[in-house]
Amino acid sequence: MKKIEAIIKPFKLDEVREALSEVGVTGLTVTEVKGFGRQKGHTELYRGAEYVVDFLPKIKIEVVVAENTVEPAIEAIIKAARTGKIGDGKIFVTPVEQIVRIRTGETNESAI
C-alpha cells in the first residue's frame, strides 16, 4: 500500500478528483495549504501599496491505494493537474505499513 500526496493548484481540484475516481480511487482527503517552490511568491498591489505574497494557496490531496493502483493514480493526477506553467505542483509517494478502519476493525487492503 502507498500513500500519494499531491500538491496542486486549487482550481484543478475537481478535475483531479474526477480523474482519480475514474481509476478506482474511492476516497481522498483534501486540505487547503499554502506554500511556494520555484514560484517564490509574487507581488500584489492593494490600495496603492505593493506587497509580497510569499505563500501561495494550494490544495493537498492525500490518497492511500493498493500497489497496483499507484501508477494509474499518479498518471491521473498528472494528466488532470498539469497546466504547463510553473506552480503545477508535486506528487509524493510513501509506503504505508498498516491501515485500520475504525468502524469495522478491517485492516490493510480491506480497509482502503
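**Entry 1: helix α1**

I started with the burial of α1 and found Val 16, Ala 19 and Leu 20 to be its buried residues. I then checked where these three sit around the axis. They cover an arc of only 100°, which puts them on the same side of α1. I note here that I am reading a predicted model.

Next I asked what covers the buried residues of α1. The cover includes β1, β5 and α2. I also looked past the end of the helix. Gly 24 follows α1, and its phi is positive, near 100°.

**Entry 2: a pair within α1**

I stayed on α1 and turned to charged side chains. Asp 14 and Arg 17 form a salt bridge, with the closest N and O atoms 4.0 Å apart. I checked their spacing along the helix. The two are three residues apart in α1, so about one helical turn separates them.

Arg 17 is partly exposed, at 41% relative accessible area. Asp 14 is partly exposed too, at 48%.

**Entry 3: the count**

How many salt bridges does the structure hold? I found six. I followed up two others from that set.

**Entry 4: Glu 5 and Lys 60**

I looked at Glu 5 and found its side chain in a salt bridge with that of Lys 60, at 3.5 Å from N to O. I wanted to know which elements this pair joins. Glu 5 lies in strand β1 (residues 2-8) and Lys 60 in strand β5 (residues 56-65), so the bridge ties together parts that are 55 residues apart in sequence.

The cut-off for buried is under 20%. Lys 60 has a relative accessible area of 22% and is partly exposed.

I went back to the cover of α1 at this point. Both β1 and β5 are among the elements that cover the buried residues of that helix.

**Entry 5: Lys 9 and Asp 88**

My last pair was Lys 9 with Asp 88. They form a salt bridge, and their closest N and O atoms are 3.7 Å apart. I placed both residues in loops. Lys 9 lies in the loop between β1 and α1 (13-22), and Asp 88 in the loop between α2 (70-81) and β6 (90-95), so this pair ties together parts that are 79 residues apart in sequence.

I checked burial here as well. Lys 9 is buried, and Asp 88 is buried too.

Key:
Residues numbered from 1 in each chain as written. Predicted model: local features only at pLDDT ≥ 70, side-chain atom pairs only at ≥ 80, totals over all residues. Heavy atoms only, no water. Helix = DSSP H or I, 4+ residues; strand = E, 2+ residues; numbered from the N terminus. Buried < 20%, exposed > 50% of the residue type's maximum accessible area, 1.4 Å probe, protein only. Arc of directions from axis to C-beta. Contact = heavy atoms within 4.5 Å.
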